[in-house]
Amino acid sequence: MPPIIRMENLTKKFGNFIAVDHLNLEVEEGEILGLLGPNGAGKTTTILMIATVIRPTEGTAYVGGYDVRKNPDKVRELLGVAFQEPKMLWVSTPWDIVNWHAKVCGLPTEERKRRVKEIMEALDMWNFRHRSVHALSGGMRKRVEIAKVLIQRPKIAIVDEPTSQIDIVGKHKIWRMLRELCNQGTTIILATNELYEADVLSDRVAIMHRGKLLVCDTPKKLKDSIVGGDVVEIQFETDPSPKMVEALNQFKEVVKIMKTKSSTLRLYLNKVEEIVPKIMGMLMKEGASVSSIHMSEPSLDDVFAHYTGLTLEEAQKEGG
Ligand SMILES: Nc1ncnc2c1ncn2[C@@H]1O[C@H](COP(=O)(O)OP(=O)(O)O)[C@@H](O)[C@H]1O
Ligand SMILES: [Mg+2]
């Protein structure tokens, strides 16, 4: 099957500043593609070009086979978008907005009433449905935006930081609902600067930094691809001898050893499942007294750091 979205050298300049820099990226039909990057990476600008809100400076994107430059109307028919900063200028209530949207989507009256209630309840906003949107918290406005997309069930949903300003319980609910939307046949692009959100929700993650695509693959492959990506911390009862450190260094899977706290070694290595039993065997044979071993999987943050030399948090400060 051809990709449902294809970006070809997609580029946006604001004056001399390149916000999105020759992006080549494909979205497969039926997947959730996470667009992960720190503030200022160019995620929203990319999304606004795909949603035909702004025009590319160079390059283009094909959505369902239609060129965003040449057939914006056709593109819009396929899309439902939850914007990062929803504009709700007119005086209205969440129920008005969601109900109006359901009408525009052509839902028949009975079904419309039922689904509007169902989705607003599931998003914990039913009790707020008659408040003025101006009086709503940022999180509640985000929910209105998400509700519209969930009601619409578009062919392609684009959600830009859907759960920022929403509490952890609400986040989990929205993640479940987005996954369900995908299971029912909607392709989803999820822009986020939250590692965990990208990791739990995405089938594939495209990592962006300073307008450029760094890498795109499944979360698992991204984590497995970084050399020395597994982390094992061994705490000894007394300082490990240089001989012991040297013996650990002999394992070819061990990429780097760092002494952290006193009597603690932090090992960056590959194939953690295979190597840790061997390391344990060696330590026992050498009579080392180990008080604890802690293993951790690499996160998407380690992947980001691998490509940029910065943690996502550091890059966030730079761009935000
Ligand atoms: N309308 C605009 N005019 C000038 N610069 C902009 C405009 N929109 C975005 N930018 C800049 O482009 C960069 C990328 O922004 P954005 O796409 O919003 O990033 P992200 O969504 O990844 O945080 C930022 O440096 C931002 O300041
Ligand atoms: Mg953004």
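In the predicted model described here, Ile257 stands opposite Leu267 in E13. The pairing behind this contact point is that of E12 with strand E13 (residues 264-269), antiparallel and held over 5 bridges; two strands count as paired if DSSP finds at least two bridges between them. Helices (H or I, at least four residues) and strands (E, at least two) are DSSP runs, numbered from the N terminus. Both strands belong to an open sheet of 4 strands in the order E12-E13-E11-E14, with antiparallel pairing. At its edges are strand E12 (254-259) and strand E14 (290-296), each of which pairs on one side only. On average, neighbouring strands of this sheet are turned by 20 degrees against each other, direction ignored. Helix H9 (residues 242-249) lies across E12 and E13 and runs at about 155 degrees to E12. Such angles run from 0 to 180 degrees between N-to-C directions, with axes being lines fitted to C-alpha atoms, for helices over the stretch in contact.

Residues are numbered from 1 along each chain as its sequence is written, while chains are lettered from A and ligands numbered from 1 in the order in which they are written. As the model is predicted, local features need pLDDT of at least 70 and side-chain atom pairs count only at pLDDT 80 or more, whereas totals for chains, interfaces and linings use all residues.

Turning to the overall layout, the protein has 12 helices and 14 strands, and its C-alpha atoms fill a box of roughly 75 × 45 × 35 Å along the principal axes. The domain assignment (bounds from an automatic or database assignment) gives domain 1 (5-220) and domain 2 (227-297). The C-alpha centres of domain 1 and domain 2 lie 44 Å apart. Of the 320 residues, 36% count as buried, that is, with 20 or more other C-beta atoms, placed from the backbone, within 10 Å of their own. Among contacts (C-beta atoms, placed from the backbone, within 7 Å) with a separation of 6 or more, 68% link residues 24 or more positions apart.

Another open sheet of 4 strands has the order E2-E1-E4-E5, again with antiparallel pairing. Strand E2 (17-27) and strand E5 (66-67) stand at the edges with a single partner strand each, so one side of each is left without a neighbour in the sheet. Strand E4 (residues 58-63) is joined to E5 by 2 bridges, and Tyr62 stands opposite Asp67 in E5. H1 lies across strand E1 (5-14), E2 and E4, at about 115 degrees to E1.

Within strand E2 sits Leu25, which is buried because 20 other C-beta atoms lie within 10 Å. The C-alpha atoms of Leu25 and Glu8 are separated by 7.1 Å, although these residues are 17 apart along the chain. Beyond four places in sequence, Leu25 touches Met7, Ala206, Leu213 and Cys216. Strand E9 (residues 204-209) and strand E10 (residues 212-217) pair in the antiparallel sense over 5 bridges. Their hairpin has 2 residues between the strands, and Arg210 there takes a positive phi near 50 degrees.

Finally, ligand 1 is surrounded by Phe14, Ala19, Gly37, Asn39, Gly40, Ala41, Gly42, Lys43, Thr44 and Thr45, a residue being near if its C-beta atom, placed from the backbone, lies within 6 Å. Helix H1 (residues 43-50) gives the largest share of this shell, 3 residues.

Key
Buried ≥ 20, exposed ≤ 12 C-beta atoms within 10 Å, placed from the backbone. Contact = placed C-beta atoms within 7 Å.
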